[in-house]
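Open the model in your viewer and keep the selection tool ready. This tour goes stop by stop: select, look, move on.

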Amino acid sequence: MEGLIGLMNRIQRACTALGDHGGGSDLPTLWESLPTIAVVGGQSSGKSSVLESFVGTDFLPRGSGIVTRRPLVLQLHQTENGSQEYAEFLHKPKTRFSDFALVRQEIADETDRLTGKTKQISPVPIHLSIYSPKVVNLTLIDLPGLTKVAVEGQSESIVEDIENMVRSYVDKPNCIILAISPANQDIATSDAIKLSKEVDPTGERTFGVLTKLDLMDKGTNALDVLEGRAYRLQNPWVGIVNRSQADINRKVDMISAREKEREYFETSPDYAHLASRMGSEYLAKLLSQHLESVIKARIPSITATINKTIDELESELDIIGKGVAADPGAQLYTILDLCRAFDRVFKEHLDGGRSGGDRIYGVFDHKLPAAFKKLPFDRYLSVQNVKKVVSEADGYQPHLIAPEQGYRRLIEKGITYFRGPAEATVDAVHVVLKDLVRKSIGETEKLRRFPTLQAAIATAANEALERFREDGRSTALRLVDMEAAYVTVEFFRKLPQDPAADPSSKVGTKPPVEPSPSPDRYGDGHFRNIASNVSRYIRMVGDELLQKIPKAAVHCQVREAKRSLLNHFYVQIGKKEGGEFGHMLDEDPAMMERRQQCLKRLELYKSARDEVDSVAWSSSR
């Protein structure tokens, strides 16, 4: 018994020391997995007296109104007969209190430390361990007394706040409810029984305690309650006779009070037949035995929860990463490692390991051909425009046979229409690459906690992409200009006498319908023939550019982005002073806080695992 209850005591203390008070956090909580006994009752129900009777000495603050304003985790440790009793607080681990009047004062002071001198409450527990030969091994949590009305100095929500705090404990399936009710009030109006009935309707987790039996009206008794007829629980009801206020004022010690309580039950005509199952000593032993059995039953599930949560926390810490080293060399290594991680993700997008790279092919396969088809070649190669261009090219002497200068001007100017789609293609690829940089930064998990480095990488990558875009633009335009600068003469030598449209072409030029040959070399038919020949040539050039412009974009933009996206950034980093690396690795404060929380919680769970293992090994021997 001592080993199991002591195990829970150690784990509870570790929970509080490492910030696990249950609930209110997205971190896993071990506290809520531990079996506990919560002491619940209304104000003036006798809760404090019951707890002091377990200890055998006065140690709790007393007064009117709400005295318990923070949960008090009371851990009782039985020591050898004749040993001196003392108390220790978790928040003062190196201080032993042998004067329990000072324990009372320390509880009040520690409560005020969080709540101030107000009458407000706090969910952060105080841990008090008492070592004494007069106690049994037992752990209880004393909760603020339930109340119905806020008094002066309290917020209007105090009634609801206290009930919510109490519920946060008793709602848990691992919580054993010690419901304290005064016998001189109707059990149907008991705050503790009302609440326990809501959260434990079967009564499986509830122990009923009836106090102030000696203060009932003469001629009445509480047998209907104690024998389970008024309100049935699966666990026994226990009656308690506490010290009266007069006894407290006369400083009657707890040993005498226990003897007086025992005598009351043994000599009472109403309760003598229940005397062996009444009183604070019996209640403490009953609870200790029950707590031990619950802990024993829950150890396997607690162990499974601990191991599962350790794995989850370690996985999260792997994602968050370790803290930044102080050494500049280590910081530089971290920066370069993060850059490489980003670069890998970026390349995966381009190479098909992640989505996004296919959008570049969409530019080449859909947007570029569509842009070519929208070019205004029908208007440009109209008879009227062809006649105008040819006439301007002839000057004062009209051409004799074929208007070569007119042909060249029509071809040269017509091909320049391809410059717009060529530029637009390069710009569209640039937009895709910029978006992939943004996505890659967000998807590089190790980089998420360094917003300053994220911004630096984004800036450097986008600057590089701008350089690649300029190179891609100049290359694509140069390809167009090359076609305009030199006409393929062989094409015209092979032209048929009656040209027809080539329906297989992807370029949106429609050759005008050639009428029957006319002897008039300067009539409309002649200029339609010229338009048809130029159209066929421009279509041929367009088909070639549909292949060459994507190659230029891939060569100058995509290929370079894969090869040297951060090369300039690496050069700049190499020029920095060692002290500047730390600034680049400034972490997101929320991420730093999360790491610390996870580390503390992991420490708690590993400590708990060691504690459970030590008890398991000792019990197996």
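Stop 1: Select aspartate 253, in the loop between α7 (245-249) and α8 (254-267). Helices here are DSSP runs of H or I with at least four residues, strands are DSSP runs of E with at least two, and both are numbered from the N terminus. Before going on, note that this is a predicted model: local features need pLDDT of at least 70, side-chain atom pairs count only at pLDDT 80 or more, and totals for chains, interfaces and linings use all residues. Residues are numbered from 1 along each chain as its sequence is written, and side-chain values use heavy atoms, with hydrogens and water left out.

Is aspartate 253 buried, partly exposed or exposed? Its relative accessibility is 42%, so aspartate 253 counts as partly exposed. Buried means under 20% relative accessible area, exposed means over 50%, and partly exposed lies in between (1.4 Å probe, protein chains only). The areas come from the Shrake-Rupley method.

Together with Asp253 they gather in a patch of negative charge on the surface. Patch residues have over 30% relative accessible area and no salt bridge, and like charges are joined within 9 Å. Asp and Glu count as negative. The place of a charge is taken as CG of Asp or CD of Glu.

**Stop 2: the sheet.** Switch to a cartoon view. Look for an open sheet of 9 strands, in the order β4-β3-β5-β2-β6-β1-β7-β8-β9, with mixed pairing. Its edge strands are β4 (92-97) and β9 (238-239), each pairing on one side only. Two strands pair if DSSP finds at least two bridges between them.

Select β2 (residues 72-78). Of its 7 residues, 6 are buried, so β2 is largely enclosed by the rest of the structure. Which strands flank it? One is β5 (residues 126-132), which runs parallel to β2 and is joined to it by 7 bridges. There, glutamine 75 stands opposite serine 129. Another partner is β6 (residues 138-142), antiparallel to β2 over 5 bridges. Find valine 73 and its bridge partner in β6, isoleucine 141. Then find leucine 74, which stands opposite leucine 140.

Stay on β6. Now step to β1, which runs parallel to β6 and is joined to it by 2 bridges. Alanine 38 has isoleucine 141 as its bridge partner in β6.

Next, select β1 (residues 36-41) with β7 (residues 175-182). They pair in the parallel sense over 6 bridges. Glycine 41 stands opposite isoleucine 180 in β7. Isoleucine 180 also has a bridge partner in β8, valine 209. β7 and β8 pair in the parallel sense over 6 bridges.

How many residues of β8 (residues 206-211) are buried? The count is 6 of 6. Thr206, Gly208 and Leu210 point one way, while Phe207, Val209 and Thr211 point the other way.

**Stop 3: salt bridges.** The structure holds 35 salt bridges. Each is a side-chain nitrogen of Lys or Arg within 4 Å of a carboxyl oxygen of Asp or Glu.

Start with glutamate 227 and arginine 229, whose side chains meet at 2.5 Å, N to O. Glutamate 227 is partly exposed, at 31% relative accessible area.

Next, select glutamate 281 and arginine 262, a salt bridge at 2.6 Å, N to O. This pair links distant parts of the chain: glutamate 281 is in helix α9 (residues 280-320), arginine 262 is in helix α8, and they are 19 residues apart.

Then pick glutamate 314 and lysine 606. Their closest N and O atoms are 3.4 Å apart, in a salt bridge. Here helix α9 holds glutamate 314 and helix α21 (residues 589-620) holds lysine 606, 292 residues apart. A network comes next: salt bridges that share partners join Glu423, Asp427, Glu466, Arg469, Glu470 and Arg473.

**Last stop: a tyrosine.** Select tyrosine 486, in the loop between α16 (451-485) and α17 (489-493). Its relative accessibility is 62%, so tyrosine 486 counts as exposed.

Technical notes
Patches are made of residues with over 30% relative accessible area and no salt bridge: like charges are joined within 9 Å, nonpolar side chains (Val, Leu, Ile, Met, Phe, Trp, Tyr) within 5 Å. Accessible areas come from the Shrake-Rupley method with a 1.4 Å probe; for residues, only the protein chains shown count as cover.
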